[in-house]
Amino acid sequence: MTESLEHLAELRRTERRVAMATLVATRGTTPKKEGAKMWVGDGGRILGSVTIGGCVDAKVIAAAEEVLRSSHSALLSMPLGDEDAWEMGLTCGGTVDVLVESVDFSAATPAAAAFAAVEREYAAGRATALVTPLAGDPPRPERLVVLAGGSTEGTLGDAALDKDAVARAHELMRQGISRTATLSSGSGPVDVFIEVHAPPPALVIVGATHVAIPLVSLARQLGWRTIVVDARDRFASRERFPDADELVVGMAGEFAERFAWTPASSIVLVAHDYKVELPVLRIVLRREVGYVGVLGGKRRGAALRDFLVREGYTDDELARIHLPIGLQLGAESSAEIALSIIAQVTAVKNRAPAAAR
């Protein structure tokens, strides 16, 4: 479960009412992404953060206390001055917009119903997008939940707005990101925050090798779902991979054919065997896979590409392969190689400059 949903579940057990602060927009250099949350309980308990501490979080806590008193939402726009940014380890400031709302767990409010739907779908392994209006003073309380299958729960109070929200939500769900968006309604444009809640990204590791063992452990620390695939049951064993979410003993190409790949999926091939790698690459290079990496040197990479070129794969398709795999950390041990791979997968997922090759 994502950290924000974990906090929600914990507070529901201990608090009747909380103030929920959500980072809905960032401009410039900021330490956290859209969707970061802070929860302030009626009894003063605080969970989470919309930055990484400091004066901005202090201002949000003060606003949360006022929201709890008034039950009226507030949309805050706060600059991160250079001094604040320096304290957080940043080189310069930015601006953050934070929506602060009161959530009453004991009342049948749109927010409570929406989060119940999000938690239900998440527990079933399905993604959702929660759409919240930012317009009005205070912001309106309506909610729309867009489910992965295309259906919806709730409403934003306008049919045209709901329709545009569904289209934009599905686009962001495919990318696995949360964003503020301006949508069209019957009475004009409306700003909303579209918050995507998706199951953990899947990391498929082909080859139950010595590199795969620390790779699984590191991925688990990041909250990823790990699947290890190898035809050799002696290697793909629970004794060797106690932290893996799933062990698949079988042909990797057959697994790749039936797996439900998404842009949030990553695959790392560490088998170091053409007979294993080529059947998998033939499939994943033409699927929506966020990251494809193959362990090996430049000579091996050139040979793999030659095979695939002769089979009609394009330069754009082949450019998706990270080979040599991992960031250049001077890695030598299995653990160091795994760290370089995890770092590169993370950089690609976050569209960070380190992802560029």
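View 1. E7 and E8 form a hairpin with four residues between them, and Gly150 in the turn has a positive phi of about 110°. Helices (H or I, at least four residues) and strands (E, at least two) are DSSP runs, numbered from the N terminus.

**View 2. Phe255, Phe259 and Trp261 are linked into a cluster by ring pairs.** The structure holds four aromatic pairs. The planes of Phe259 and Trp261 lie at 70° with ring centres 4.6 Å apart, so this pair is edge-to-face. Rings of Phe, Tyr and Trp (its six-membered ring) pair if their centres lie within 6.5 Å; planes under 30 degrees apart count as stacked, over 60 as edge-to-face and the rest as tilted. Phe259 and Trp261 are both buried (under 20% relative accessible area, with exposed over 50% and partly exposed in between; 1.4 Å probe, protein chains only).

**View 3. Arg232 lies over the face of Phe235, and Arg286 over that of Tyr313.** The distance from the ring centre is 4.0 Å for Arg232 and 3.9 Å for Arg286. A charge sits over a ring if NZ of Lys or CZ of Arg is within 6 Å of the ring centre and within 35 degrees of the ring normal.

**Notes.** Residues are numbered from 1 along each chain as its sequence is written, and side-chain values use heavy atoms, without hydrogens and water. In this predicted model, local features need pLDDT of at least 70 and side-chain atom pairs count only at pLDDT 80 or more, whereas totals for chains, interfaces and linings use all residues.

How values were computed. Pairing = 2+ DSSP bridges.
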